[in-house]
There are 2 protein chains.
Amino acid sequence: MTGTLFGIGLGPGDPGLITRRAATLIRMAPVIAYPAFAGEESFARGIAADLIPQGAREIAIDIPMKAARAPAQAAYDRGATEIANALSAGDDVACLCEGDPFLYGSFMYLHARLANRFRIEVVPGVTSLTACAAAAGVPLAARNGQLTVLPGTLPADELANRMHDADFVAFLKVGKNLPKLRTLMKRLGLLERAIYVERATLAEERVCPLSDAPDVAPYFSMILVNRHRDPWL
Amino acid sequence: MTGTLFGIGLGPGDPGLITRRAATLIRMAPVIAYPAFAGEESFARGIAADLIPQGAREIAIDIPMKAARAPAQAAYDRGATEIANALSAGDDVACLCEGDPFLYGSFMYLHARLANRFRIEVVPGVTSLTACAAAAGVPLAARNGQLTVLPGTLPADELANRMHDADFVAFLKVGKNLPKLRTLMKRLGLLERAIYVERATLAEERVCPLSDAPDVAPYFSMILVNRHRDPWL
């Protein structure tokens, strides 16, 4: 009997936002896997630290962050092989994922490598999208409105084109792209409608109008824009 | 001392997907509020049923479903008044919300009516978006891809226009709009890339290619489309 791989969404950072099912699966797991980016401590492991059983075997998958694709692919290859060995030996593996495994998550690269050979269950998690909206006290999307989610890494003109006439827009991966995004919002007449959220649900959480945001944002930051004209809101 | 209103996301239906913080807040709440649509039992209350304390006071907000806006607005007005009375008397109120309170959630109408007078905390929940992606075993969004979320209630031409060149598209509120959406996907050459998901995380969950989906879908159904050409996926 081979084991099952669980891809477990842990939410945006507050351990309270871990789901009950995720908590149960982690507490029972003989093997725990997680990504660690660019030699830093694993953020995912930190969220779930109080749940990891004594004596569980841990598989840390070191992902080079700024590298070209080939080294990252090689890292996922190695991680998938190590997980496959545990599954083949009959152990279940809980793979810890910050946010949700399938929303811009690195788990999809393990899934792509293992789904044809092993049973995989994905446990959805609270996303940073709704966590940032909750922190800001504004709806993420409403009624018959369109929500568009865009990585802030894209060029400004492509972002303007892709925003099209979406009623609600969320920019992820803000980081050092903040000045570009602020200039774009100004150009589109949307600066007054843009909210900046940093490290949602963590102790250092910060919410402010985009016009007051710092020039250099941390990786875990987001911009929410509401163009919806619903008189209810 | 007035009480605090908690807008609590419960996730898409499986009680296991309630977060630990949501469970704690519901267990401690002296007053529990929830929407009930069109005279039916409250789906939100059903998800959290095992957590509601004995003796908690319950405020059911009856929302007429197919009505014009005015009767629904009046229902939210009445619900907000009842909640305000409890808060003014010093009681905390836990408002139960299916999915996430701020992603197409009705909680925003209570928030709009009460936020200027009372302390409100929104607890984000697992959304049906990531729950459906998890059930289907496909990423909801990846890498530098654009995710666009659209209500299936909009006219076909408007949907085609609003999809624009999004890499990932999710259609919510499918229900009786399924034939229209299937015809649209065929017209755009996307039928092979569209997955239908019904009642994700519930016992009756169903996942199939959109081409095999029934003509009449339940309210809790979704269509996921992946146009992304990332060679990793």
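Select chain A and chain B together: the area buried between them is about 5100 Å², of which carbon and sulfur atoms give 56%, buried area being the accessible area (1.4 Å probe) that two parts lose on being put together, summed over both. This is a predicted model, in which local features need pLDDT of at least 70 and side-chain atom pairs count only at pLDDT 80 or more, while totals for chains, interfaces and linings use all residues. Residues are numbered from 1 along each chain as its sequence is written, chains are lettered from A in the order in which they are written, and side-chain values use heavy atoms, with hydrogens and water left out.

Next, display the contacting residues, where 62 residues of chain A meet 62 residues of chain B (contact means heavy atoms within 4.5 Å).

Then pick A:R20 and B:D50, which form a salt bridge whose closest N and O atoms are 3.5 Å apart; the rule, a side-chain nitrogen of Lys or Arg within 4 Å of a carboxyl oxygen of Asp or Glu, finds 4 salt bridges across this interface.

Now colour the elements of chain A that give two or more residues to the side touching chain B, among them helix 1 (20–28), helix 3 (69–88) and strand 6 (147–151); helices (H or I, at least four residues) and strands (E, at least two) are DSSP runs, numbered from the N terminus. The largest share of that side, 5 residues, comes from strand 6 of chain A.

Finally, select strand 6 in both chains: 3 bridges join these antiparallel strands, pairing being assigned if DSSP finds at least two bridges between two strands, and A:L147 stands opposite B:V149.
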